[in-house]
Amino acid sequence: MSENPYKVLGVKEGASYDEIKRAYREMVKKYHPDKYRDNPLADLADVKMREINQAYDLLMKGAGGAFQYQYESG
């Protein structure tokens with residue numbers, strides 16, 4: 001991924017798990033392929049959804065490790 005995953009989801013760097021999850025859900029609502037069925041922007045929405053999913057996966061892997069670590073140490 002060439003673009004900053006935080007920027008893709010529209011959250012600040014170091015955002016919490018809940019902030020990332022909330023932003024992801026909002027982006028999915030906005031760009032979901034079903035919303036663009038029979039629309040000339042369908043291909044663009046598909047590309048955007050791939051970027052959103054990739055950014056979310058990347059951040060959740062990182063956040064998951066951090067949150068897991070905090071949980072274990074607390």
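In the predicted model, Lys30 makes contacts with Lys35 and Tyr36, residues up to four places away in sequence being left out of the count. Lys30 lies in helix α2 and is partly exposed, its relative accessible area being 44%. Between the C-alpha atoms of Lys30 and Met49, which stand 19 residues apart along the chain, the separation is 9.4 Å.

One aromatic pair was found in a search of the whole structure. This pair consists of Tyr24 and Tyr56, with a distance of 3.9 Å centre to centre and an angle of 20 degrees between the planes. The arrangement is classed as stacked because the angle is under 30 degrees. Distant parts of the chain are linked by the pair, Tyr24 belonging to helix α2 (residues 17–31) and Tyr56 to helix α3 (residues 42–73), 32 residues apart. Tyr24 is buried at 18% relative accessible area, and Tyr56 is likewise buried at 16%.

The search for salt bridges over the whole structure returned four. Among them, Lys29 and Glu26 form a salt bridge whose closest N and O atoms are 3.6 Å apart. These two residues are separated by about one helical turn, because they are three residues apart in helix α2. Lys29 is exposed at 57% relative accessibility, whereas Glu26 is partly exposed at 46%. A further salt bridge joins Glu19 to Lys12, with 3.2 Å between the closest N and O atoms; Glu19 is partly exposed at 27% and Lys12 exposed at 53%. The side chains of Arg37 and Asp34 also form a salt bridge, at 2.8 Å from N to O. Arg37 is exposed, with 59% relative accessibility, and Asp34 is partly exposed, with 48%.

Note on methods: Residues are numbered from 1 along each chain as its sequence is written. This is a predicted model: local features need pLDDT of at least 70, side-chain atom pairs count only at pLDDT 80 or more; totals for chains, interfaces and linings use all residues. Side-chain values use heavy atoms; hydrogens and water are left out. Rings of Phe, Tyr and Trp (its six-membered ring) pair if their centres lie within 6.5 Å; planes under 30 degrees apart count as stacked, over 60 as edge-to-face and the rest as tilted. Helices (H or I, at least four residues) and strands (E, at least two) are DSSP runs, numbered from the N terminus. Buried means under 20% relative accessible area, exposed over 50%, partly exposed in between (1.4 Å probe, protein chains only). Contact means heavy atoms within 4.5 Å.
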